[in-house]
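Here is a short briefing on one protein structure. Look at the sequence and the model first, then work through the points below.

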Amino acid sequence: IIFVPTYLDYVRVRNFLHAEHREFYAELCEYTPLKEQRKALGQFTDGERSILITTERFYFFKRYFVKLAECLVFYSPPIFPDYYQQLIHKLQHESPNASVMSIYCKYDALELQRVVGTERALQLLTREAAAYAFVTGGSN
């Protein structure tokens, strides 16, 4: 699942996937009609489509999440920090392939700060490295 915070980014990712991997993805956004929502969820759940793109606003209004999802990619840290933990806890944790990746840049500092805290966000934004791995604390 690719979780995109804004509709503009959603269109950008959708257009890229449409050009490169047309038959491998399904899409859900706040403007998707109910019939197409059910079709996209069915295709993803049945394994017909391996990628599902969804927007944060769609999740805000519908709260749909596919329980069989193993991989979650945040195109940018979510605007609402609670969504980060909610979505991670809904992944299929029994799978050895379960993973979460969050893509961010220096312009996402405020969203990143809401998710991981001020000190960790500063560390993530200032260290020189190609990739970071971090674990956020929780009650479980």
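In this predicted model, the buried residues of helix 5 pack against helix 4 and helix 6 (118–126). Those buried residues are E111, L112, V115 and V116. They span an arc of only 110 degrees around the axis, so they sit on the same side of helix 5.

**Helix 5 and what follows**

- Helix 5 covers residues 109–116.

- Five strands make an open sheet, and their order is 2-3-1-4-5. The pairing is parallel.
- Strand 2 (25–28) and strand 5 (99–102) stand at the edges. Each has a single partner strand, so one side of each has no neighbour in the sheet.
- From one strand to the next, the twist averages 15 degrees.
- What holds paired strands together? Strands of a sheet pair through backbone hydrogen bonds, either parallel or antiparallel.

**Strand pairs**

- Strand 3 (residues 51–55) is mostly covered, with four of its five residues buried.
- Strand 2 joins strand 3 through four bridges, and the two run parallel. Here Y25 stands opposite I51 of strand 3.
- Strand 1 joins strand 3 through three bridges, also running parallel. In this pair, I2 stands opposite I53 of strand 3.
- Strand 4 and strand 5 pair in the parallel sense over four bridges. V73 has M101 of strand 5 as its bridge partner.
- Helix 4 packs on the sheet, where it touches strand 1 (2–4), strand 4 and strand 5. The direction of helix 4 makes about 165 degrees with that of strand 4.

**The nonpolar cores**

- The largest nonpolar core has 25 residues. Which of them touch the most other members? They are I1, F3, L52, L72 and L87.
- Several elements each supply at least two residues of this core, including strand 2, helix 2 (34–46), helix 3 (56–62) and strand 4. Helix 4, helix 5 and helix 6 are also among them.
- Helix 4 gives the largest share of this core, four residues.
- Leaving aside neighbours within four places in sequence, L72 is in contact with I1, F3, L87, I88, L91, S99, V100 and M101.

**A buried serine in a loop**

- Where is S76 found? S76 is in the loop between strand 4 (71–74) and helix 4 (82–89).
- Is S76 buried or exposed? Its relative accessibility is 8%, so S76 counts as buried. The cut-off for buried is under 20%.
- S76 touches P5, I103 and D108, not counting residues up to four places away in sequence.
- With D108, there is also a polar contact: the side chains of S76 and D108 are joined at 3.1 Å.

Conventions:
Residues numbered from 1 in each chain as written. Predicted model: local features only at pLDDT ≥ 70, side-chain atom pairs only at ≥ 80, totals over all residues. Heavy atoms only, no water. Buried < 20%, exposed > 50% of the residue type's maximum accessible area, 1.4 Å probe, protein only. Polar contact = N/O pair within 3.5 Å; in protein donor to acceptor, adjacent residues only side chain to side chain. Contact = heavy atoms within 4.5 Å. Pairing = 2+ DSSP bridges. Axes fitted to C-alpha atoms, helices over the stretch in contact; angles between N-to-C directions. Arc of directions from axis to C-beta. Core = buried A, V, L, I, M, F, W, Y, C linked by side-chain atoms within 4.5 Å.
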